[in-house]
Amino acid sequence: MKSKIGIIIGREFNERVRKKSFIITTLLTPLLMIALMVAPALIMSYSGGETKQIAVVDESGIVAPKLQSNEELQFQTLDIPLDAVRKLPADAYFAILHIGSDILSNPTAARLYTNSPGGISTETNICSQIESIIEAEKLKMYNIENLPQILAQIETKIALQSFKNDSDSTDDKQADQASSSIVATVIAYVLSFMLYMFLIIYGAMVMQSVIEEKNNRVLEVMVSSVRPFQMMLGKILGVASVAVVQILIWLVIIFVAGYFLVPSLLPDDITAALVMMQQGAEAGSVAPDADIDLLQALLTLTDVGYLMKICATLLLFMVGGFLLYAAMFAAAGSAVDNAQDAQQLQLPITLPIILSLIIMVTVINDPTSPIAFWCSMFPLTSPIVMMARIPYDIPAWEIIVSLLLLYATFAVTVWGAAKIYRVGILMHGKKPSFKELWRWMRYK
Amino acid sequence: MDILQIENVSKSFANHKALDDVSLTIPQGSIYGFLGPNGAGKTTLLRIINRITAPDSGRVLFDGHPITADDIYSIGYMPEERGLYKKMKVGEQAIFFARLKGLTHSEATKRLKEWFDKFQISDWWNRSVDELSKGMAQKVQFITTILHSPKLLIFDEPFSGFDPINANLLKSEILELRDKGATIIFSTHNMSSVEEICDHITLINKSRNILSGNVKEIRHRHGANTFELDYRGDEATLLGAIGNRCEIMESNPSLTGYSSIKIHIADDAQLRSVISAANESVNLRSFRELIPSMNDIFIRAVNGTL
């Protein structure tokens, strides 16, 4: 019996893995993801090269001397009236900034005349500069002594470092260091979306292929040598192994790319600080100037144990969730003759998947809320919801109980699905109602 | 020795009874036909023999023991609707089905090469199934059905969709398999093929076995003692000689000299006296019993007028 399932798994696996579409999507998806992450940064760094000339006509005399030019914007104060400046050739300046004489009392007295469409970053930059100049001017009116020194002294930037309150490991600083919650949120989003896509795409693939085999009448030939249960399980496991192989290829690509690319992209001082932090140093002590959030995020992303835990649980939940849903998709596929008829049966199956994605958003806000807990235990929602919780370091027993429930439910579901499948694959014609499906399950 | 015994098998689906207390036995080495109108329950019976579905009551004995899961290695089944994976290569697909029937990869490849040579289709090996015509696909399907040399072969409507040349090829292959010791069951509507190759038949109508037995025996049993005589000579002389010994059904005198006459005889004793009287009066060329075709028997049985 084992070997027959093996033969079927082999066929399902080979047929899919050898397809051009599989090879293309497997190799292109990570490239696409990397491109999506890298492209904005590249575009920013190239487009930032051009400096924009801004002519400033300041009737108040307060703003213009304090505007600071930078790589992006170059301010040039002109002492001629606005009307004259506006008559200058269009390519002389990128834009003309006009500050009214009543700027201190009238926040709308600043105007920007652009010769070509201006970007949002230009406007934000100018806006924030004017704001701080006016704020400083207003502060000055209170006649406080040593104001610039006071302002410089009170400027503060808080970097909240989170630690896990774990009394067992007070000696070990490394163990206390909780994961960066920014990274956890990103990972939670990515993982649960990935799982969602996998359940929907690969689940539908199982259903589609059952319908196709039923229409081809291949199933009739098969059932004379294999039990329907073996056929169904073989198909589900075959497709599951395709999904696992695809995920593994992606993980390998991501890790290899991350291992070689990330260090070369980072500035040297950050890399050095990172190495010290990995050895247990406090973030604040190694690099007081560096962005502590960034350091913490990098620390989490380079924590091999953390990543291994996430990858291992990802595979377990993905396979378990897929098996559970694929069994239901296979039963639905066996009951109908074509994809149109399948839609009605498909809806109740995809509903919990979509629901889990909606719940996932609230789970990310509060990974320990009761709804997060119970939905990560309920087998139909647990794969996606639990995947959104795991990056936040939840207790191991919750993961284990959730996995046990998931796989136990799969065992029961596959048994019931096989009963429908066994009858369904030989039935042609009328689409069965849910009542009939229930009766099929009780046939001898 | 009977290879298959079906004892009081019944099977119901949601709103109809597909098989109602059907019993029959299939002798080893025979070619056995399942006849019956559409929807009579033939396919359900074939599926029960193949263990695709289980009967509600009754049992199936294979080689004298209740049929088990391992017995399917000794059975080859070709369903009415041929099914092959369209995108798969022919050779690979045939190996796949052979392995499901318990052959190893190398053994399956070896046997398949032989059969592909025999059917002269070796160059199809690496083509995908959707490039093949329906008839070509059926040849492949036939090979995958018989490849594991099963003791019992089951064909559901084997001749449908074959052109006459390939149907003949199939027929001779079936006879050859029988000569090598296999038992063959097939279900069909094609009555001429039943007369040609079946030893035994069972006629199923409305879920019940209404007629079972040896083809020759059945046809003679339902022959109704009708005979046809071909002769040369005078019609009136003949009628005078045999007219009081039998019932004349139809007389076709001919001016060219070869005439024929159809008669009905009450019993075997009369038969001899009719023959000798006819022999005395005219030049008898032939004398034969008019046995009904399976087609007639089928229609009469289904209409309840047998």
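Chain A and chain B share 2 salt bridges (a side-chain nitrogen of Lys or Arg within 4 Å of a carboxyl oxygen of Asp or Glu). In one of them, the side chains of A:Glu220 and B:Arg47 meet at 3.0 Å, N to O. This is a predicted model: local features need pLDDT of at least 70, side-chain atom pairs count only at pLDDT 80 or more, and totals for chains, interfaces and linings use all residues. Residues are numbered from 1 along each chain as its sequence is written, and side-chain values use heavy atoms, without hydrogens and water.

**Interface of chains A and B**
- Contact (heavy atoms within 4.5 Å) joins 21 residues of chain A to 28 residues of chain B.
- The buried area is about 2500 Å², with 59% from carbon and sulfur atoms; the term is the accessible area (1.4 Å probe) that two parts lose on being put together, summed over both.
- A:Ile7, A:Arg11 and A:Ser224 supply 23% of the area that chain A buries against chain B, more than any other three residues.

**Aromatic pairs**
- Over all chains, the structure holds 15 aromatic pairs; ring centres of Phe, Tyr and Trp (its six-membered ring) lie within 6.5 Å, and planes under 30 degrees apart count as stacked, over 60 as edge-to-face, the rest as tilted.
- A:Phe198 and A:Trp250 pair edge-to-face, 5.9 Å centre to centre with 80 degrees between the planes.
- Both A:Phe198 and A:Trp250 are buried (under 20% relative accessible area, 1.4 Å probe, protein chains only; exposed is over 50%, partly exposed in between).
- Ring pairs link A:Phe198, A:Tyr202, A:Trp250 and A:Phe322 into a cluster.

How values were computed
Chains are lettered from A and ligands numbered from 1 in the order in which they are written.
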